[in-house]
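User: I'd like to learn how to read a model like this one, feature by feature. Can you walk me through it?

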Amino acid sequence: MASLSLVNVCKTFKNGQVAVKDFNLDIKDQEFLILVGPSGCGKSTTLRMIAGLEEISSGELWIDGTLMNLTAPQKRDLSMVFQSYALYPHLTVYENMAFSLRVRNVMKTEIDKRVRNAADVLCISHLLDRKPHALSGGQKQRVAIGSAIVREPKAYLMDEPLSNLDAKLRTQMRVELSKIHKELGATIIYVTHDQVEAMTLGTRIVVMNSGVMLQAAEPKVLYQNPINKFVAGFIGSPS
Ligand code: ADP
Ligand code: MG
């Protein structure tokens, strides 16, 4: 079970740049929540505050009923997936996926079970002995997602994880991400500037502009009842 809550969350950077203003959102267990909006609207900053990679200027972040504003990133029990896949070049796919569990002294049999399950879900079981240099971009991204899955986090935080892939692979990976969401019952907070990705993946979509949340709704509701012209234009609904 995972539930996250952001209450009046604001972020002002040291240079005075206001990146996020009064952000209020409850994220329910097993939601595939999309943060979407144009470049620079504050999506990554919002995600990084949830991850603990960026300090919250004011407001509250709650995870499963515990105030987390000052909790170290590694103690938040969240897995982050970025667009650039940070794999260890000298380790095999198996060892890459096992790495974070080894560091945490998880038992060998448990590590083996989790790595093989994740590889199975991601259809990379045949690649476990390979090193990253012998993988395609899409395969590397699967390994990166696999490394996140084995940690069995409360929630996944993904920042434009598919944006470095070509169009065909992006479509394939969208199917893969939907499968992960359903099969693992995962809670996912997913940042993208791509409307199609937002509309096809999200169980709920948050549209942002200039650091402000404009609307949070299910894809269908957003499409049929956009709150203003900006949302309508961005989502591509008839206005
Ligand atoms: P998005 O992910 O939606 O493209 P970001 O969250 O990265 O947007 O950025 C939101 C705003 O905050 C932008 O105006 C950006 O320039 C600014 N910003 C991001 N990081 C920093 C930083 N470390 N210092 C100052 N301003 C920043
Ligand atoms: Mg960003």
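Predicted model: local features only at pLDDT ≥ 70, side-chain atom pairs only at ≥ 80, totals over all residues.

User: Which residues surround ligand 1?

Analyst: Look at the C-beta atoms around the ligand. Here the shell includes Phe-13, Asn-15 and Gln-17, plus Gly-40, Cys-41, Gly-42, Lys-43, Ser-44 and Thr-45, among others. By class, there are three nonpolar, eight polar and one charged residues. Helix 1 (residues 43-51) gives the largest share of that shell, three residues.

User: How do I check a helix, and what is the reach of helix 5 from its first C-alpha to its last?

Analyst: Compare the end-to-end reach with the span expected at 1.5 Å a residue. Helix 5 (residues 167-184), with 18 residues, reaches 26 Å, close to the expected 26 Å.

User: Is Ala-216 buried or exposed?

Analyst: Count neighbours: the cut-off for buried is 20 or more other C-beta atoms within 10 Å. Ala-216 has 20, so Ala-216 is buried. This residue sits in strand 10 (residues 212-217).

User: And what does Ala-216 touch beyond its sequence neighbours?

Analyst: Leaving out residues up to four places away in sequence, Ala-216 touches Leu-25, Arg-204 and Val-206. As for Leu-33, 183 residues away along the chain, its C-alpha atom is 9.4 Å from that of Ala-216.

Methods
Residues numbered from 1 in each chain as written. Chains lettered and ligands numbered in written order. Helix = DSSP H or I, 4+ residues; strand = E, 2+ residues; numbered from the N terminus. Expected span 1.5 Å × (residues − 1). Near = placed C-beta within 6 Å. Nonpolar A, V, L, I, M, F, W, Y, C, P; charged D, E, K, R; others polar. Buried ≥ 20, exposed ≤ 12 C-beta atoms within 10 Å, placed from the backbone. Contact = placed C-beta atoms within 7 Å.
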